[in-house]
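Keep the viewer open as you go.

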Amino acid sequence: MATARQVLCLCAFLSLPHARAEPIRYSVAEESESGSVVANVAEDAGLAPAQLSARRARLLSEDGRQHFRLDPGTGRLVVAERLDREELCGQSATCTLPFELLLANPVQFFRVEVTVEDINDHAPVFPEERVTLKIPETSNVGSRFPLEGARDLDIGSNSIQSYSIAPKKEYFSVDFGSRTEDDKYIELILEKPLDREEQAEMDFSLIAMDGGYPPRSGTTQIHIGILDVNDNAPVFTQKDFIAQVLENAPEGSVVLRVVATDRDAGVNGDISYQFSQAGDQSHSAFVIDPMSGEIKLTKPLDFEAAKNYELRVRATDGGGLSAICRVLVEVVDVNDNAPEVMVSSFSNPIPEDSLPGTVVALFAVKDEDSGSNGKVSCALEDQLSFFLRTAYKNYFELVTVSALDREEKARYILTVTAADAGSPPLTTTQTFTVDISDVNDNAPVFNQTSYTVYVRENNVPTVLVGTVSAVDTDVGPNAKVTYSLVPAHPTEQLPCSCISVNSENGNVFVLRPLDYEQVRQIKVLVSATDAGSPPLSVNVTVRLVVVDENDNAPLVLYPSQESSPPSNELVPVSAEAGYLITKVVAVDADSGQNSWLSYHLLRATDPGLFVVGVQSGEVRLRRSVTERDAVKQKLVVLVRDNGQPPLSATAALSALLLSDFSDMHLPHSSLSTEDEGSSLTMYLIISLVFVSLLFLVFTAVFITHKVCKRKELKGEHVLYGGSNLQSSLADAAAAGTLPHAYCYEISLTTGSGNSEFKFLKPILPSLPPQLHATGGGTNNEQDFPSGTLTAEDMEPKNPRMLSAEQFNSLSFK
């Protein structure tokens with residue numbers, strides 16, 4: 001798996017256009033002032049200056065120092081600070097400052113190398129202003145006496161090219177040359193034998209001249225003391241001594257021991273050691289024992305500061321003769337530097353709809369150690385949503401692996417561990433806290449699949465009947481939910497105007513009074529919409545159920561209360577107890593227990609003579625008629641419903657106690673004599689069946705008329721104001737709900753003494769397309785609202801149920 005990932009990362013890197021094969025090279029003279037133009041790097045990189053700002057171009061160096069800066073307006077590379085080649089590169093033959101030009105969107109790198117050219121800004125400097133040499137007078141002509149050469153920080157032709165003596169001496173000349181590329185020497189050559197008795201000492205100047213233009217020079221004073229004997233100088237056992245020391249070696253550790261010998265005896269053969277080049281600070285970390293020649297550390301070394309040291313040790317015998325050797329100390333690196341993580345860019349927060357492969361952070365790693373101690377690898381700990389990929393050299397990109405979901409996890413804390421290959425390895429951790437910003441990807445969700453709210457009929461306007469609630473798992477404006485009523489279909493009209501929903505909190509209000517007898521329930525759609533862009537919404541069905549109240553009093557159908565005086569019921573004096581005189585028929589427009597009717601005898605001329613069936617309303621004789629009973633009996637029957645509080649109506653009727661029906665001068669009936677109670681019941685049944693058939697015919701005609709009218713008005717919408725609807729509902733509540741009144745005619749005959757009720761027919765008024773009902777008062781006629789009926793309205797499973805649109809389309813007169 002790891003091999004496959006490395007192959008994929010390598011392929012991704014090779015496919016990127018951001019790595020240039022060859023670096024862009026420039027040169028600049030040292031000591032250039034800040035702001036000096038080096039070159040137009042944008043032109044050489046094939047970029048337009050406008051791209052530098054658009055792609056956030058910047059310069060990155062490995063050591064973090066910015067020797068140059070980029071002018072984004074022109075694309076020029078300019079010097080950011082004064083450049084000192086000797087400070088930057090020391091005595092290196094070449095001084096190259098590498099850095100990268102980094103561009104984003106997309107990521108692209110250009111390797112740039114600027115070579116700092118040396119100028120002759122340093123004069124040769126001798127380590128000592130005065131050098132004393134003691135030379136035996138027995139020295140042969142041609143003898144060579146080594147001297148400490150001057151140091152010139154410049155290189156090439158600007159370094160030391162020649163030495164001379166001033167004033168010129170006939171006894172000495174100077175020889176300057178190189179044994180190897182790095183080993184230069186300067187020696188005094190004896191040109192003429194010395195005679196201490198003739199001249200015991202000599203003084204002259206040694207001048208070092210470089211090859212710059214103009215040339216610079218350095219001078220030291222040479223004092224020659226002529227000795228009388230000691231003709232053998234010390235000799236080192238090795239020309240060069242090489243030692244290796246760990247950079248973490250403690251103070252006082254022995255680096256090595258130099259050894260020199262002198263063939264002279266006595267004082268002339270005693271050798272002492274000391275460092276030469278007193279002006280050089282390279283030996284400040286070392287100390288030499290003057291007697292034994294042991295070189296020890298005076299302080300811990302740092303491989304990253306200096307990888308090697310070159311020391312020169314002088315061995316001097318008792319007679320003043322000396323020899324010089326070179327000691328090379330190589331510092332061995334140990335893994336004492338942990339890797340460094342340098343973040344170049346970090347995008348936070350990132351939107352949750354970011355595509356896989358989105359770059360979150362770009363960072364570089366480096367380790368000051370060398371070899372395997374400086375090889376750094378990076379790993380991302382325990383994350384499945386992000387991974388690391390190599391961008392360029394030591395640069396890494398932190399990118400997304402899969403789609404993100406803020407609602408599942410809103411923040412990721414990513415830990416990148418950089419470890420070197422040392423033993424033991426050193427590690428550095430860098431933590432990236434990545435916040436996921438929200439996008440509107442979640443619609444609101446209601447806490448119920450549907451809502452049912454209840455309201456009693458005749459409610460007060462703007463009554464609160466319930467609350468709908470929806471939540472959105474997004475945050476901020478994407479989670480702010482507003483509520484509104486919407487039509488079931490986009491082409492339909494707006495929902496019922498009698499219902500309103502508070503857009504902020506979802507409270508459902510009924511704006512005007514409702515009548516259970518007109519509409520029993522209303523269905524509306526409530527939409528919950530968030531404030532995202534684009535907004536997301538969800539709908540829920542709210543069913544408003546109207547609860548019936550006892551607001552309709554019973555209505556007496558028979559006997560008719562409109563006739564004045566009331567009709568008379570004929571009772572033979574021979575009738576026995578239980579004889580059916582008549583039946584009070586009443587209805588109640590309410591439903592449920594509010595429509596359960598009971599009948600009671602309120603008052604009568606002789607209360608003990610009559611009894612009324614509580615449930616049936618039948619008026620019967622409680623006992624047989626006697627001669628003492630009055631001929632004309634008046635009764636008042638109370639009809640009461642079962643509501644709370646109960647409502648009632650009264651029916652007034654009269655009964656005539658007759659011994660012979662011929663006394664009433666009624667026409668003789670051709671019908672045979674039958675039981676009076678059976679005749680009355682049969683006629684009532686026939687009348688009710690006739691009225692029912694007529695009502696069904698009228699209903700069919702009415703439906704046909706409305707269907708035709710709807711086809712003509714299809715596409716039109718009639719809106720009613722709240723005040724019109726409320727007043728119409730109030731009128732309808734006061735009028736009752738019976739469709740029409742019944743009138744009866746009674747024909748009495750004389751002759752054989754038989755009496756007969758003749759129910760001719762109900763008198764139907766001329767009805768308009770709306771239904772009519774007659775109230776309790778004479779000629780007090782009220783109109784009921786009518787609405788278009790559909791097949792759904794006639795279904796038994798949905799009695800008197802109207803949708804919000806149907807209720808809104810009801811017409812009131």
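Which side chain does Glu148 meet in a salt bridge? The partner of Glu148 is Arg314, at 3.9 Å from N to O. A salt bridge here is a side-chain nitrogen of Lys or Arg within 4 Å of a carboxyl oxygen of Asp or Glu. Glu148 sits in the loop between strand E9 (144–146) and strand E10 (160–166), while Arg314 is in strand E22, so the pair ties together parts that are 166 residues apart in sequence. Both Glu148 and Arg314 are buried. "Buried" stands for under 20% relative accessible area, "exposed" for over 50%, and "partly exposed" for what falls in between (1.4 Å probe, protein chains only).

A word on the ground rules. This is a predicted model, where local features need pLDDT of at least 70 and side-chain atom pairs count only at pLDDT 80 or more, while totals for chains, interfaces and linings use all residues. Residues are numbered from 1 along each chain as its sequence is written, and side-chain values use heavy atoms, with hydrogens and water left out.

In general terms, side chains of opposite charge can pair when their charged atoms come close.

| Pair | N to O distance |
|---|---|
| Arg111 and Glu100 | 2.2 Å |
| Glu148 and Arg314 | 3.9 Å |
| Glu504 and Lys480 | 3.5 Å |

Take Arg111 and Glu100, which meet in a salt bridge. Arg111 belongs to strand E7 (residues 108–117) and Glu100 to strand E6 (residues 96–103), so this pair links parts that are eleven residues apart in sequence. Arg111 counts as buried because its relative accessible area is 14%. Glu100 is buried too, because its relative accessibility is 3%.

Then there is the salt bridge of Glu504 with Lys480. Glu504 is in the loop between strand E37 (499–501) and strand E38 (507–510), and Lys480 is in the loop between strand E35 (470–471) and strand E36 (481–486), so the pair ties together parts that are 24 residues apart in sequence. Lys480 is partly exposed because its relative accessibility is 43%. Salt bridges also link Asp240, Glu310, Arg312 and Arg326 in a network.

**The sheet around E22**

Back to E22, the strand that holds Arg314. Helices (H or I, at least four residues) and strands (E, at least two) are DSSP runs numbered from the N terminus, and two strands pair if DSSP finds at least two bridges between them. Four strands make an open sheet in the order E16-E23-E22-E19, and the pairing is mixed. Strand E16 (240–246) and strand E19 (272–275) are the edge strands, each pairing on one side only. On average, neighbouring strands of this sheet are turned by 30° against each other, direction ignored; axes are lines fitted to C-alpha atoms, for helices over the stretch in contact, and angles run from 0 to 180 degrees between N-to-C directions.

E19 and E22 (residues 308–316) run antiparallel and are joined by four bridges. Within that pairing, Gln274 has Arg314 as its bridge partner in E22. The side chain of Gln274 also has a polar contact of 3.4 Å with that of Thr316. A polar contact is a pair of N or O atoms within 3.5 Å; within protein, one must be able to donate a hydrogen and the other to accept it, and residues adjacent in sequence count only if both atoms are side-chain atoms. Thr316 is in strand E22 and counts as buried because its relative accessibility is 16%.

**Another open sheet**

Four strands also form an open sheet in the order E42-E49-E48-E45, with mixed pairing. Strand E42 (568–572) and strand E45 (597–604) stand at the edges with a single partner strand each, so one side of each has no neighbour in the sheet. Here neighbouring strands are turned by 35° against each other on average, direction ignored. Nine bridges pair strand E48 (residues 632–641) with strand E49 (residues 648–658) in the antiparallel sense, and Arg640 stands opposite Ser648 in E49.

**A hairpin to look at**

Strand E4 (residues 68–71) and E5 run antiparallel, joined by four bridges, and Phe68 has Val79 as its bridge partner in E5. The hairpin of E4 and E5 has four residues between the strands, and Gly75 takes a positive phi near 80° there.
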